[in-house]
Amino acid sequence: MYKTCNHLPRKPLPSINTARQRGQSFLELALIIPILLLMLLGLVEVSFFIGRYLDIIDLTREAARFASVRDPFINAPISQVSCSAGDPFNFYYHTACIFSPPTGSANCSDSKFCNGLNSFFTVDPAVDDVLITVYTVTNWQVSSPVFPQPTGYWALSNNDSDTAHSDNWQRDCQGNEVRTTPYFTPQQINDTLNANSPKNKGLVAVEFYYCYHQVLNLPVVTNFIPNPLRIHAYTLMPIPAAKPSPTPRN
């Protein structure tokens, strides 16, 4: 009589094709991980950029609100004014003071340009700029001249302590001249005025030009996007003190 032995079933040995599939999967994963990581870091950089852009827009709005309730024709000499004192008053300089760091901030390196609302970043006098222009509108048309005179605009870079850099707003962050007129030209304002709005009014435009330095400074990104990159934000707001008047403005 023969006895039979029951053996446990053997595991099939992995085939050569299965081993190849696993190797291919690991290779694909190794190739795609750097791309996914780069995309993730790119999203982080974009988030930083958008956050800075929103900060700048808020500051231009606050500066325009400040200017809208003040007289643009009261301007003490720049040498006599500072952000920490409201008297004597210079309409343009004190409007630009909104972009200065708060009193007591570590960024208050310039005691004159300190007492504002900018707790987010440092304004670099070598490349950044604040541009302010006041327009008088008569019968839905911008009147001549545009204030302040004689240039028709006021730039912080021309009135700060850094005498080596002026008209920063005309250049990009690499020093190339890219514009010669403010964003809001009289013709542009004339084209956008609504005939249903008051025909006589005053308008103030506050523009800010800021060089954004990438936080992560990714080499692949900087090959396609300049670093630093210019951010330009602006706000246009009514200013009653600049409405047409029967007496000439000086």
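Guide: The discussion below turns to ring pairs, then to charges over rings, and then to nonpolar cores. This is a predicted model, in which local features need pLDDT of at least 70 and side-chain atom pairs count only at pLDDT 80 or more, while totals for chains, interfaces and linings use all residues. Residues are numbered from 1 along each chain as its sequence is written, and side-chain values use heavy atoms, with hydrogens and water left out.

Visitor: How many aromatic pairs does the structure hold?

Guide: A pair of aromatic rings is described by the distance of the centres and the angle of the planes. Rings of Phe, Tyr and Trp (its six-membered ring) pair if their centres lie within 6.5 Å; planes under 30 degrees apart count as stacked, over 60 as edge-to-face and the rest as tilted. The structure holds 15 such pairs. One of them, Tyr93 with Trp154, is edge-to-face, at 6.4 Å centre to centre and 85° between the planes.

Visitor: Which parts does the pair of Tyr93 and Trp154 tie together?

Guide: Helices (H or I, at least four residues) and strands (E, at least two) are DSSP runs, numbered from the N terminus. Tyr93 lies in helix H2 (residues 91-96) and Trp154 in strand S3 (residues 154-155), so the pair joins parts 61 residues apart in sequence. Ring pairs also link Phe91, Tyr92, Tyr93, Phe113 and Trp154 into a cluster.

Visitor: Are Tyr93 and Trp154 buried or exposed?

Guide: Buried means under 20% relative accessible area, exposed over 50%, and partly exposed in between (1.4 Å probe, protein chains only). Tyr93 is buried at 2%, and Trp154 is buried at 7%.

Visitor: Which charged residues lie over the faces of Phe66 and Tyr93?

Guide: A charge sits over a ring if NZ of Lys or CZ of Arg is within 6 Å of the ring centre and within 35 degrees of the ring normal. Arg70 lies over Phe66, at 3.7 Å from the ring centre, and Lys112 over Tyr93, at 5.3 Å.

Visitor: What makes up the largest nonpolar core?

Guide: In soluble globular proteins, nonpolar side chains tend to be buried together. A nonpolar core is a set of buried Ala, Val, Leu, Ile, Met, Phe, Trp, Tyr and Cys residues joined through side-chain atoms within 4.5 Å. The largest has 37 residues, and those with the most contacts inside it are Phe91, Tyr93, Phe99, Val204 and Phe208. Its largest share, seven residues, comes from H1. A second, separate core of nine residues includes Val137, Val142, Phe184 and Ile189.
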